[in-house]
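Morning, everyone. Please have a look at the model on the screen. I'll take two residues in turn, then say a word on confidence.

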Amino acid sequence: MRTDMRVQQGRPQPGPEIWIRGPVALPEEPPPSPGAFRPRRFSWVGVCGGAGVSTLTSLYGGHDCGRGWPGPADPPSVLLVARTHAAGLTAALNALAVFRRGEAPHGLDLDAVVLVADAPGRLPRPLAERVKVIESVIDVYRVPWVPAWRLGDLSGPPPREADALARLTGRAR
């Protein structure tokens, strides 16, 4: 009779050995429950006059920095805002260069560029090419032309074309 083939009922059999390289740390806190999620707060920074910072802050929350950098008490996560006209796109590229060279105030985190349409319709090719340059460097969120916003009516929901921005800011429909 072979004794090495015994099976003991009621006791689990050992499985294969698993080797783990390095120490394994246990999480100190359980992950937050989905109901406890708080959207990240942003500082909206306009890179050109009339970029739409105040409108976006009203619709999506966050801190309106106007055309200045966030202060020490403001959220350090920055969303640069520009219009899609030539001056706005140039200003956005210049602001990106400030971050790339490390000349932005210490502690700021550039999250994305938000481009607000300066007119209805498609962008002319030279402007669309500048947008592609910006998109090659950082995430870009586009906000279409909204006639009601021009009249100061912010009562309606943000346009569907800006749903990705709504998700980013935690203001999804």
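Which residues does Arg67 touch, not counting those up to four places away in sequence? Gly46, Val47, Cys48 and Gly49. Bear in mind that this is a predicted model.

So where is Arg67? Look in the loop between strand E2, residues 63–64, and strand E3. Take Gly49 from that list of contacts. Arg67 and Gly49 sit 18 residues apart in sequence, yet 7.6 Å apart in space, C-alpha to C-alpha. Arg67 is exposed, because its relative accessible area is 60% and the cut-off is over 50%.

Now the second residue, Ser77. It belongs to strand E3, which covers residues 77–83. Is Ser77 buried or exposed? Buried: its relative accessible area is 5%. The cut-off for buried is under 20%, so Ser77 qualifies.

What does Ser77 touch, again leaving out residues up to four places away in sequence? Arg40, Arg41, Phe42 and Ser43, plus Asp109 and Asp111. With Asp111 there is a polar contact, side chain to side chain, at 3.4 Å.

Last, confidence. The mean pLDDT of the protein is 85. Of its residues, 76% reach 70 or more. Now go to residues 1–9. There pLDDT stays under 50. For that stretch the model has one contact beyond four places in sequence. Where pLDDT is low, the predicted coordinates should not be read in detail.

That's my part. Over to you.

Conventions:
Residues numbered from 1 in each chain as written. Predicted model: local features only at pLDDT ≥ 70, side-chain atom pairs only at ≥ 80, totals over all residues. Heavy atoms only, no water. pLDDT = per-residue confidence, 0-100. Contact = heavy atoms within 4.5 Å. Helix = DSSP H or I, 4+ residues; strand = E, 2+ residues; numbered from the N terminus. Buried < 20%, exposed > 50% of the residue type's maximum accessible area, 1.4 Å probe, protein only. Polar contact = N/O pair within 3.5 Å; in protein donor to acceptor, adjacent residues only side chain to side chain.
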